[in-house]
Amino acid sequence: QYVQGEILTRNGFLTGYLEFEHGHRTGDIRKGTPPKKPVAKGFILPTCVNAHTHLGDSFIRFSSLQLPRTVKDLVAPPAGLKHRLLKEASEQEILTGIQRSLEEMSTAGTSCFCDFREGGLLGVYQLRKAMQSCRLKSVILSRPSQMTYDKEQLDRLLENSDGIGLSSISDWEAAEIEKLASHVRRKNKLFALHASEVDHEDIDRVLDLHPSLLVHMIAATKADLERVTDAQIPIVVCPRSYMFFRLKHNLALMKKTGVTLLLGTDNAMINTPDVLDEVKVLQKTGAFSLEELLTTVTYTPKKALNLDDGIQARDLSEEFIVLERDSLKLLYVSK
């Protein structure tokens, strides 16, 4: 079978066609017209990576609640509505919600996601349990159950996850978060945190932790972003989340300063986990080319999350999707 069109490579678009069998590429890009009618024509790109999700709160999206539109009231730990609802929910409610989000991601052309797991080891186990019959691959960033450094708990978390993903430096005592970050680095695991989402946070404190990945940074200054760029730390942005919370963002400034950008869908209780919807929102701003945006959900996150090396064994190179040229509607997903 064949697909034809503009094929996204690490070096931009190439026009041609791909041959595939059983959902996987069987050769290199070829120029010209395929030997028989293609199953789809359009933009051809690797399956997507959703670089920032919170799938544990998925069940809330299906409960028809009126949600507050401030970060503090809805998601800030430990008293935000999300955390109260998670404590009250049964494990089956949480699992069912996660499974629905996983199915949504799979049908939307996503093959891998990076999830910030609240709830200590239980949160990790819940996600792994929900994924037992799922084709998606995951990068799981766990989180201590308390905002204190506990060596034994951290070792158990790191044994069962790909790293640590924290809420914010503002939620932690400086000495505690510094010990935690140092421990994660010694174990050669990913260390990520939310930063400058609503209020500007001290960039020195953030960078002193040597994070592998930052999330949001939309209240960061130009000087902050230049330092992040110099440190070669990727930033994940979630445009639909900022629209929901009515947050002013600095995405054009991020483009200007040359920050490495990834895209995520953030909390599953407020957004469907379709990262292509984030692409469509940013496309309307005119600040980024389509090639840049599609790269932020394919090649860039694979590199940032170590998905291309053999260590984590998540080779996604043969899977692909086809998008309609004008609408970016999903036409075909290889399976």
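Reader: How many aromatic pairs does the structure hold?

Author: This is a predicted model, and the structure holds six aromatic pairs.

Reader: Why is the pair of tyrosine 2 and tyrosine 17 called edge-to-face?

Author: The ring centres of tyrosine 2 and tyrosine 17 lie 5.8 Å apart, and rings pair if their centres lie within 6.5 Å. Their planes stand at 70 degrees, and an angle over 60 counts as edge-to-face. The pair is therefore edge-to-face.

Reader: Which parts of the chain does this pair tie together?

Author: Tyrosine 2 belongs to strand S1 (residues 2–9) and tyrosine 17 to strand S2 (residues 12–21), so the pair ties together parts that are 15 residues apart in sequence.

Reader: Why do tyrosine 2 and tyrosine 17 count as buried?

Author: Buried means under 20% relative accessible area. Tyrosine 2 has a relative accessibility of 11% and tyrosine 17 one of 8%, so tyrosine 2 counts as buried and so does tyrosine 17.

Reader: What makes the pair of phenylalanine 20 and tyrosine 332 tilted?

Author: The planes of phenylalanine 20 and tyrosine 332 are at 50 degrees, with the ring centres 5.5 Å apart. Planes under 30 degrees apart would count as stacked and those over 60 as edge-to-face, so this pair is tilted. The pair links distant parts of the chain, with phenylalanine 20 in strand S2 and tyrosine 332 in strand S15, 312 residues apart. Phenylalanine 20, at 2% relative accessibility, counts as buried. Ring pairs also link Phe20, Phe320 and Tyr332 into a cluster.

Reader: How do you know that glutamate 118 forms a salt bridge with lysine 82?

Author: The closest N and O atoms of glutamate 118 and lysine 82 are 2.7 Å apart, and the cut-off is 4 Å, so the pair is a salt bridge. This pair links distant parts of the chain: glutamate 118 is in the loop between strand S6 (110–116) and helix H5 (120–130), and lysine 82 is in helix H3 (residues 81–88), 36 residues apart. Both glutamate 118 and lysine 82 are buried.

Reader: What makes arginine 240 and aspartate 277 a salt bridge, and is each of them buried or partly exposed?

Author: Their closest N and O atoms are 3.8 Å apart, which is within 4 Å, so the pair qualifies as a salt bridge. Arginine 240 sits in helix H10 (residues 239–245) and aspartate 277 in helix H12 (residues 275–283), 37 residues apart. Arginine 240, at 13% relative accessibility, counts as buried. Aspartate 277 has a relative accessible area of 21% and is partly exposed, because buried means under 20% and exposed over 50%.

Reader: Where does lysine 280 lie relative to aspartate 277?

Author: Aspartate 277 and lysine 280 are three residues apart in helix H12, so about one helical turn separates them. Aspartate 277 forms a salt bridge with lysine 280, the closest N and O atoms being 3.8 Å apart. Lysine 280 is partly exposed, with a relative accessible area of 25%. Elsewhere, salt bridges that share partners join Asp57, Lys82, Glu118 and Arg143 into one network. The count comes to 16 salt bridges.

Reader: How do you know that the span of helix H4 is close to the expected one?

Author: Helix H4 (residues 91–107) has 17 residues and reaches 25 Å from its first C-alpha to its last, against 24 Å expected at 1.5 Å a residue. Among the buried residues of H4 are Ile94, Leu95 and Met105. The buried residues of H4 pack against strand S5 (48–54), helix H1 (58–61), H3, S6, H5 and strand S15 (330–333). Just after H4, glycine 109 takes a positive phi of about 90 degrees.

Reader: Which residues touch the most other members of the largest nonpolar core?

Author: They are Met217 and Ile235, in a core of 82 residues. The largest share of this core, five residues, comes from H4. Isoleucine 235 touches residues including Leu214, Met217, Val228 and Leu262. A second, separate core of 16 residues includes Cys112, Phe116, Val139 and Val236.

Note on methods:
Residues are numbered from 1 along each chain as its sequence is written. This is a predicted model: local features need pLDDT of at least 70, side-chain atom pairs count only at pLDDT 80 or more; totals for chains, interfaces and linings use all residues. Side-chain values use heavy atoms; hydrogens and water are left out. A salt bridge is a side-chain nitrogen of Lys or Arg within 4 Å of a carboxyl oxygen of Asp or Glu. Helices (H or I, at least four residues) and strands (E, at least two) are DSSP runs, numbered from the N terminus. Buried means under 20% relative accessible area, exposed over 50%, partly exposed in between (1.4 Å probe, protein chains only). The expected span of a helix is 1.5 Å times one less than its number of residues. Contact means heavy atoms within 4.5 Å. A nonpolar core is a set of buried Ala, Val, Leu, Ile, Met, Phe, Trp, Tyr and Cys residues joined through side-chain atoms within 4.5 Å. Lists of a residue's contacts leave out its neighbours within four places in sequence.
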